[in-house]
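Q: I have a model open and want to learn how to read it. Can we go through it feature by feature?

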Amino acid sequence: MTDVLLISSSLENINVAWRHFCYSEYNASATTNISAAMENLKSSKPARIVVYYCGEDTDGFYSLYNTLRSDPKTADIPLLVLADVSWQKALTDYVKFYNTCILGISVNDEKLKDMVKSGARYGFEKKSPAINRAPPKRTSEHPGLRANKGR
């Protein structure tokens with residue numbers, strides 16, 4: 001069973017996204033509050049993957065992303081973003097996010113299930129046995145933090 005934490009800035013968005021997580025292979029919880037999300041992720045049994053429903057307002061997403069990546073205990077947790085169609089291209093093409101996968105909110109159930117399982121097991125960073133990469137710095141020099149600075 002995959003432990004999933006679903007986060008959105010509105011309860012309506014969570015209700016829309018929740019239909020994907022009604023399967024028996026998920027142990028899902030949800031919140032609209034970043035502080036509550038961070039408490040969950042720092043608990044003794046944290047979610048293995050975070051799913052953020054990003055509707056029309058991206059301020060909540062950037063706030064969550066920066067908070068998640070700036071804390072050493074949560075910096076490497078995979079983040080799957082279900083983005084509104086108006087934000088999907090911008091979030092995938094113009095900003096580099098660490099260990100994050102952006103999907104459209106209309107993603108089908110099978111693809112979402114596969115992405116959640118894959119992300120929970122391996123994360124979303126491309127890994128190659130030929131490359132010995134160091135993890136990103138957890139400072140303001142982190143690519144996602146730098147790209148979002150001032151938002």
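Q: Which residue in β2 does threonine 2 stand opposite?
A: Threonine 2 stands opposite tyrosine 26 in β2. Some ground rules come next. This is a predicted model, where local features need pLDDT of at least 70, side-chain atom pairs count only at pLDDT 80 or more, and totals for chains, interfaces and linings use all residues. Residues are numbered from 1 along each chain as its sequence is written, and side-chain values use heavy atoms, with hydrogens and water left out. Helices (H or I, at least four residues) and strands (E, at least two) are DSSP runs, numbered from the N terminus.

Q: How do the strands pair, and in what order do they lie?
A: Strands of a sheet pair through backbone hydrogen bonds, either parallel or antiparallel. Two strands count as paired if DSSP finds at least two bridges between them. Here five strands form an open sheet with parallel pairing, in the order β2-β1-β3-β4-β5. β2 (26-31) and β5 (100-104) are the edge strands, each pairing on one side only. From one strand to the next, the twist averages 20°.

Q: How many bridges join the pairs β1 and β2, β1 and β3, and β4 and β5?
A: β1 and β2 pair over six bridges. β1 and β3 are joined by four. β4 and β5 have five. Leucine 5 stands opposite valine 50 in β3, and valine 81 faces isoleucine 102 in β5.

Q: Which residues lie on each face of β1, and are they buried or exposed?
A: In a regular strand the side chains alternate between the two faces of the sheet. Thr2, Val4 and Leu6 are on one side of β1, Asp3, Leu5 and Ile7 on the other, and all are buried. Buried means under 20% relative accessible area, exposed over 50%, and partly exposed in between (1.4 Å probe, protein chains only). Six of the six residues of β1 are buried, so this strand is largely enclosed by the rest of the structure.

Q: Which strands does helix α2 lie across, and which does α4 touch?
A: Helix α2 (residues 34-41) lies across β1 (2-7), β2 and β3 (49-54), at about 165° to β1. Helix α4 (residues 85-93) packs on the sheet and touches β3, β4 and β5, with its direction at about 150° to that of β5. Axes are lines fitted to C-alpha atoms, for helices over the stretch in contact, and angles run from 0 to 180 degrees between N-to-C directions.

Q: At what angle do the axes of α2 and α3 cross?
A: Two packed helices are described by the angle between their axes and the distance between the axes. The axes of α2 and α3 cross at roughly 30° and come within 11 Å. Ile34, Met38 and Leu41 in α2 meet Gly60, Ser63, Leu64, Thr67 and Leu68 in α3. Contact means heavy atoms within 4.5 Å.

Q: Is leucine 64 buried or exposed?
A: Leucine 64 is buried, with a relative accessible area of 0%. Leaving out residues up to four places away in sequence, leucine 64 touches Ile7, Ile34, Val50, Tyr52 and Leu79.

Q: Which residues touch the most other members of the largest nonpolar core?
A: In soluble globular proteins, nonpolar side chains tend to be buried together. A nonpolar core is a set of buried Ala, Val, Leu, Ile, Met, Phe, Trp, Tyr and Cys residues joined through side-chain atoms within 4.5 Å. The largest has 23 residues, and Leu41, Phe61, Leu79, Leu91 and Phe97 touch the most other members. α3 gives the most to this core, with five residues. A second, separate core of 18 residues includes Tyr26, Ile49, Val107 and Leu112.

Q: What is the phi of asparagine 99?
A: Most residues other than glycine have a negative phi, and most peptide bonds are trans. Asparagine 99 has a positive phi of about 50°, although it is not a glycine. Asparagine 99 lies in the loop between α4 and β5, and is buried at 4% relative accessible area.
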